[in-house]
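Colleague: Thanks for sitting down with me over this one. Could we go through it together, one question at a time?

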Amino acid sequence: MKKLKYLLYIGLITGGLSSCNDDFVSTKPLEEVPEEEVWIDGPLAQAFVFEIYNGFGVGGFYEQQLASMTDEALFTHPGRGINTVNEGRANAADPGYIMDTYLYGQMYTRIRATNVAIKNLREPKFDDEALASRLLGEAYFLRGYYYQQLVRLYGAVPLVDVVYELGEADYTIARNSYQECIDFIIDDCDSAAMLLDDIPSVDGRATDVAALALKARVLTYAASDLHDVSTAKAKSPAIAGFSNPELLGYESGSRTERWELAKAASKAVLDHAEYAYKLNLTAPVSAAEGQANYRAIAMGGGSKVADASGKQDLILGRFFIDLKDERGGWVGRDNGPNGYHSWSGNTPTQLLVDDYEMINGSRFDWTLATHKSAPYENRDPRFYASILYDGANWKPRAADVAGRDPSNQIQTGQYEVVIEGKKVIQPGLDTRNGPVEDWNGSYTGYYYSKFVDSDPTIEDQNTRQSIPWPILRYTEAVLNYVEACIELGEEAEATAWLNKIRFRAGMPKITDAGVKLKERYRNERRVELAYEEHRYFDARRWMTAPETLGRKATIIRIEGKLKPGKSVERYKYDKSNYDYTYTVGTIDPGIENRNWNDKMYFSPLHRDELNRNTKLVQNPGY
């Protein structure tokens, strides 16, 4: 590997120390390994492939999460590019916030590394054939995964499967068709699955099941409305006027066949029942057990201790250890309540909260007096495992706040208390005008707890946690299978599998059919996969974004007034002392003014990429 740094190193030594002996002059730099030595040594080759996994970043555990570019969440600290996306203002010079796990240039950097690995591992020069085969399988998986990240955001991209060297005649390349991109990714998934077959699972490394799950996701997307050109044109004027629709989807062929492929790919994952965490139930578990089941999945993929069969939902995760100070370890600090000295970054919207059903399976409805007076009672157990709401019990407060709230309850409202004989209105500890950190409070009136460790020893403002990010889950494959079955008219099979998920969560079975079944499925997917980066893409591929992502973010305002004759000096949530009122509002447009623009179905290719590669065609609307 004749790097400039290496040559400079040699030059400095030979120029400045010409009288030294030859042994000293030929000493190699300790921080680098020449390329030719990497591929003749198994452990070095493994280290090369392991580094490619760094393209996962911290999964989705960034301070600014993809959830806040959907109707799941509102980012509390505006001005970082999220509004550019949510308000439909993205353009080639300013595409808005894109996490590095989707960035065009960074994904191609990783793809180049996979191409290097694949080139050298097809005919390995070290003796460990088993290791070489596994590393080659992982390289194929990683290349397919990174291309999938690009395609789900930009549509078709240039397919590069060679290693460009210095002195090439031409480095520019046009975008392939969408169909060619999907076929390429599926081929990589199939190659990975074959090479990784029956290899023992190791946390954070690709397996054959991970390759199958990625294939199922890609084919599910490919069969969806957004990627059927005739359907997309009928729903979007921006796409209808685009002169290169082959970059966005299929111009011909059978959608039924595409759904059949998606169904078969998902079923191949379902056949690996070792990941079917508590999906063998024939009736709903209790609400308490449903909450515990969902919490166990969110906090590590499913508890092998709680489930005697040893099954877990997580197929592939991005894991974190306390020895490394990585962003993923700070998800609690980034998103926890400001009354706990945390930053309340990606706060749930009322839109998301409203979509959690009642425990009996009915829709929550603000027009019903019983729902309006007690909106947080008798809800889907997954709500309590995911959302911190006013009055929710949480972990002990930090020492400097504990005296204000010995009950450890979330306070996002305004409450009457009696001080020196007079009633006054007191803001909750977890509000933007509370006494702890008034600059970090939620605008929406909620915080999320799904991936936040409830261990009281984890003080989110200064203690890292070790919750893995779910890259691929068995439950996602189940939902993909359900979706394909619905699209193919196989409703009995769809409801059977959908109810397995609901029973595990403590929710009653679904008996709907037709359009209502599709609506129930989409809501189930929304709730089950909340904050896992699916909503951003689901609303686009279903082409429901105008009526979902385009809505103004809704918030809750809560007032607690003392009942006649009651006197409270230090606030605590208590319906025997207080009458509570709940008022839904929308976020101030000065903070965020959401607006859907059809060009946002696909992100723009950055102007710099267009200048570097003049063969690129820009996406519609830009």
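Modeller: Gladly, and keep in mind that this is a predicted model. Let's start with Asp-228, which lies in the loop between α9 (208–222) and α10 (229–235).

Colleague: With which side chain does the side chain of Asp-228 make a polar contact?
Modeller: Leaving aside residues up to four places away in sequence, Asp-228 touches Tyr-250, Arg-255 and Arg-258. The polar contact in question is at 3.0 Å, and the partner is the side chain of Ser-230.

Colleague: You mentioned Arg-258; over the face of which residue does Arg-258 lie?
Modeller: Arg-258 is one of the residues that Asp-228 touches, and Tyr-250 is another. Arg-258 is placed 4.3 Å from a ring centre, and that ring belongs to Tyr-250.

Colleague: And over which ring does the charged end of Arg-432 sit?
Modeller: Here the distance to the ring centre is 4.0 Å. The ring under the charged end of Arg-432 is that of Tyr-443.

Colleague: Let's turn to the aromatic pairs. How many does a search of the whole structure find?
Modeller: Two rings count as a pair if their centres lie within 6.5 Å. Searching the whole structure on that basis gives a total of 36.

Colleague: What kind of pair do Tyr-108 and Tyr-147 make?
Modeller: A pair of aromatic rings is described by the distance of the centres and the angle of the planes. For Tyr-108 and Tyr-147 the centres are 6.0 Å apart and the planes meet at 85°. Planes over 60 degrees apart count as edge-to-face. The pair is therefore edge-to-face.

Colleague: How many residues apart in sequence are the parts that this pair ties together?
Modeller: Tyr-108 belongs to helix α6 (residues 104–121), while Tyr-147 belongs to helix α7 (residues 129–154). Tyr-108 is buried at a relative accessible area of 15%, and Tyr-147 is buried at 0%. The parts tied together are 39 residues apart in sequence.

Colleague: Which helix holds Phe-184, the ring that also pairs with Tyr-147?
Modeller: The ring centres of Tyr-147 and Phe-184 are 5.4 Å apart with planes at 80°, so this pair is edge-to-face. Both Tyr-147 and Phe-184 are buried. The pair links distant parts of the chain, 37 residues apart, with Tyr-147 in helix α7 and Phe-184 in helix α8 (residues 178–195).

Colleague: Which residues form one aromatic cluster with Tyr-356?
Modeller: The cluster holds both Tyr and Phe residues. Together with Tyr-356, its members are Tyr-376, Phe-383, Tyr-384, Tyr-389, Tyr-446 and Tyr-582.

Colleague: Now the backbone. What is the phi of Ser-344?
Modeller: Ser-344 is in the loop between α14 (331–335) and β3 (346–348), and at 0% relative accessibility this serine counts as buried. Its phi is positive, in a residue other than glycine, and is near 45°.

Colleague: And what is the phi of Asn-378?
Modeller: Asn-378 is found in the loop between α16 (369–373) and α17 (381–386). Although Asn-378 is not a glycine, its phi is positive, at about 60°.

Colleague: Which backbone oxygen does the side chain of Thr-495 reach?
Modeller: Thr-495 is in helix α19 (residues 491–505), and at 14% relative accessibility this threonine counts as buried. Beyond residues up to four places away in sequence, Thr-495 touches Ile-510, Asp-512 and Leu-517. Its side chain comes to 3.1 Å from the backbone oxygen of Ala-492.

Colleague: How far apart in space are Ala-262 and Ala-222, C-alpha to C-alpha?
Modeller: Ala-262 is in helix α12 (residues 255–270) and counts as buried at 0% relative accessibility. Not counting residues up to four places away in sequence, Ala-262 touches Leu-219, Thr-220 and Ala-484. Ala-262 and Ala-222 are 40 residues apart in sequence, and their distance in space is 8.4 Å.

Colleague: Last one: what is the radius of gyration of the protein chain?
Modeller: The chain has 22 helices and 10 strands. The globule rule gives 25 Å for 622 residues, and the chain comes close to that, so it is as compact as a globular protein of that length. Buried residues make up 58% of the chain. The radius of gyration is 26 Å.

Conventions: Residues numbered from 1 in each chain as written. Predicted model: local features only at pLDDT ≥ 70, side-chain atom pairs only at ≥ 80, totals over all residues. Heavy atoms only, no water. Phe/Tyr/Trp six-rings, centres within 6.5 Å; stacked < 30°, edge-to-face > 60°. Helix = DSSP H or I, 4+ residues; strand = E, 2+ residues; numbered from the N terminus. Buried < 20%, exposed > 50% of the residue type's maximum accessible area, 1.4 Å probe, protein only. Lys NZ or Arg CZ within 6 Å of the ring centre and 35° of its normal. Polar contact = N/O pair within 3.5 Å; in protein donor to acceptor, adjacent residues only side chain to side chain. Contact = heavy atoms within 4.5 Å. Rg over C-alpha atoms; globule rule 2.2 N^0.38 Å.
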